[in-house]
Amino acid sequence: MLSSASGAYGRWSQTGTKQRGTILFGFRQLLLDNQEWFVKTISREHGKHETDALASFLKGIETLDYALSLPAVMQGRIMEVSTGVTCQDRRLPIGLVLCI
């Protein structure tokens, strides 16, 4: 899995922010369209009650929603912290993350 992700990183890093968002929104919709299957699978494989499995699933959706907000966050901020002193922060992706 890690080698597949490493191989995809080069292409993904060259993909524009708008296209990334489109891909991730499509992924989010696929998850939601198959929510019942995921909840039952989580319940069966982790021994969770379906209510708890749904909460776990929705936590994953919440995390994905945060990732979808990152293009706005990555733009950074420019703040005038004092007269004539301006600070800027920027967030730049640094590499690959794998979650199992």
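1. Accessible areas here come from the Shrake-Rupley method with a 1.4 Å probe, and for residues only the protein chains shown count as cover. On that basis the protein chain exposes about 8,000 Å², with carbon and sulfur atoms supplying 58% of it.

2. A word on provenance: this is a predicted model, where local features need pLDDT of at least 70, side-chain atom pairs count only at pLDDT 80 or more, and totals for chains, interfaces and linings use all residues. Residues are numbered from 1 along each chain as its sequence is written, and side-chain values use heavy atoms, with hydrogens and water left out.

3. Now the layout. The protein chain has four helices and two strands, in the order α-α-α-α-β-β along the sequence. Helices (H or I, at least four residues) and strands (E, at least two) are DSSP runs, numbered from the N terminus.

4. Of the 100 residues in the protein chain, 13% are buried (buried means under 20% relative accessible area, exposed over 50%, partly exposed in between; 1.4 Å probe, protein chains only).

5. Helix H3 covers residues 35-46 and spans 16 Å from first C-alpha to last, close to the 16 Å expected at 1.5 Å a residue (1.5 Å times one less than its number of residues). Val39, Thr41, Ile42 and Ser43 are buried in H3. Just after H3, glycine 47 takes a positive phi of about 65°.

6. Do have a look at strand S1 (residues 77-82), where methionine 79 lies. Methionine 79 is partly exposed, at a relative accessible area of 33%.
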